[in-house]
Amino acid sequence: MISILLTGKGFPFWLSGIVSGFIFLGLGFCAYDGTPNSSYIFILCFVVSMFGSLWSSYRVETDLFLSGRLAEKAVVAFERPWGGKRAVVFKTPKGKFVGLTSPSLALKEGDSVGIKASVLPIERRNIGFNPYTYWRSRGVVGRLVGLQVKKSRKSSPLSVYRWRSSLKEWILLNYPPRIRGYLLAILLGVRDPELVKLHSSWGTSHLLAVSGFHVALLVGVIFSTLRGSRLKVQISILFLFVYLIFTGFAASSTRAGLMVTFALIGKLIGRPIKLLQAVSLAAISLILWRPWFVWDIGWKLSVMSALTIGCMDIFPKKFLPFILSSLLWVVNAGCVLATFGTLPLAGLVINPIAIPMFGILFLTVILFAPFAFLPFEIGRPFLLLTEGVLVAVERALNLISSLMPATLTEVWPWPFISLGIFFIILAKRLSFNNFRNFCLSSCGLFVYIMLLS
């Protein structure tokens, strides 16, 4: 990760890889405890780390795009508002490209189109929002200008994008506002603007992003349903992969999915894996696949949160729910403030209540969603009852947030507070002494500042 960030700052890939390797070497010596034969494992990890750093940095430095004209058949893979227009990602045989279109075209995911356009590099910015890192972390290789789009009547019925679009349309037409908003977030990773506004004021926006919270709910439901079955692990992995496809392989959901997959495979082969190991493996796998994930805010918050959760066994179980939610708020405060500029203090109080409560509410929404299939609107009262509960919870959280209207807007010194607390609990979890803790924190400070820049 350090090598990728250095390369993004303009350093040559080979220098970034070497610096990253020696930082790993230093941290390895700090962590070395004299265990017999552990030096061989350490050397192997160092070599793998060095080559992985060089490979990732090389990909970032030599990031190529197809220049010139593009005239291809394409499928609409993603679309979202972008100012007064729509940003549409077109999947073509030559890769994914993003272009701005008029809302009047009414393009939907899964639409088959013919496109003609000039291809240019994605715009880079050093200050504020950077379109380059945003789109590259989503697999886009270039932007389209002078775009001409012609809709095709033919669309593959087996297209995942078409299935996503059809499911989204069906949810919008068949459920009350709050239920459909949460179903879109849980099943497809689509955020309803009104719910985004509400959760932002409560400091619980993370509940709308597909992450380990949602993946754990899915796997928990499958394990409960298949209790006693010998194939529950294999079936869980299969359903998890299908779920990730429908959520569009977002950074946070993919990290959570990989982490749970590693844990399930470890359980299957009789080699249980610890949470910190699973998180690290998932994060490294994602970076090797798509190095630009290190600039994705979803990836940053997801990894930081998962690592923090992995350190929770150092605290008394009696107060764990409150400690966990408070720590997650503090640990992520630096990244959130640096990215969005505001952070409501109400989240510090609301999150300990909201996380378990919305776990139950999301489960309720999923369980009652099939009632929409019942004939003669028999299931309508149950859906309206669930909608009423969601509205009641919304009013209660609005009341709590109104009692704590203060909002943090100054970034300084929150990145260092977040960093300090995170590395203190990480060092405690790893049983590091003060010297090792200092070395780990110094390295982490370097990485954290670059992540925020």
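Helix H5, residues 160-174 of this predicted model, has 15 residues and reaches 21 Å from its first C-alpha to its last, close to the 21 Å expected at 1.5 Å a residue. Its buried residues are Tyr161, Arg164, Ser165 and Ile171. Because these four cover an arc of only 130° around the axis, they are placed on the same side of H5. The face of H5 turned away from that buried side carries the exposed residues Trp163 and Leu173.

Strands of a sheet pair through backbone hydrogen bonds, either parallel or antiparallel. Strand S1 (residues 68-82) and strand S4 (residues 112-120) run antiparallel and are joined by eight bridges, and within this pairing Leu70 has Ala117 of S4 as its bridge partner. Gly68 also lies in strand S1, and, when residues up to four places away in sequence are not counted, Gly68 touches Ala117, Ser118 and Val119. The C-alpha atom of Gly68 is separated by 45 Å from that of Ser236, a residue 168 places away along the chain.

Another helix to follow is H15 (residues 380-403), which has 24 residues and reaches 35 Å from its first C-alpha to its last, close to the 34 Å expected at 1.5 Å a residue. The buried residues of H15 are Leu383, Thr386, Glu387, Leu390, Val393, Glu394, Leu397 and Ser401, and what covers them includes helix H6 (177-188), helix H7 (193-202) and helix H14 (346-368).

A pair of aromatic rings is described by the distance of the centres and the angle of the planes. With ring centres within 6.5 Å as the criterion, the count comes to 21 aromatic pairs. In one of these, the rings of Tyr182 and Phe362 have their centres 5.5 Å apart and their planes at 50°, so the pair is tilted. Tyr182 lies in helix H6 and Phe362 in helix H14, so this pair ties together parts that are 180 residues apart in sequence. Tyr182 counts as buried because its relative accessibility is 3%, and Phe362 is likewise buried, with a relative accessible area of 2%.

A pair with another geometry is made by Phe422 and Phe423, whose ring centres are 5.0 Å apart and whose planes stand at 80°, so this pair is edge-to-face. Both Phe422 and Phe423 are buried. Elsewhere, ring pairs link Phe78, Trp82, Phe129, Tyr134 and Trp135 into a cluster.

How values were computed. Residues numbered from 1 in each chain as written. Predicted model: local features only at pLDDT ≥ 70, side-chain atom pairs only at ≥ 80, totals over all residues. Heavy atoms only, no water. Helix = DSSP H or I, 4+ residues; strand = E, 2+ residues; numbered from the N terminus. Expected span 1.5 Å × (residues − 1). Buried < 20%, exposed > 50% of the residue type's maximum accessible area, 1.4 Å probe, protein only. Contact = heavy atoms within 4.5 Å. Pairing = 2+ DSSP bridges. Arc of directions from axis to C-beta. Phe/Tyr/Trp six-rings, centres within 6.5 Å; stacked < 30°, edge-to-face > 60°.
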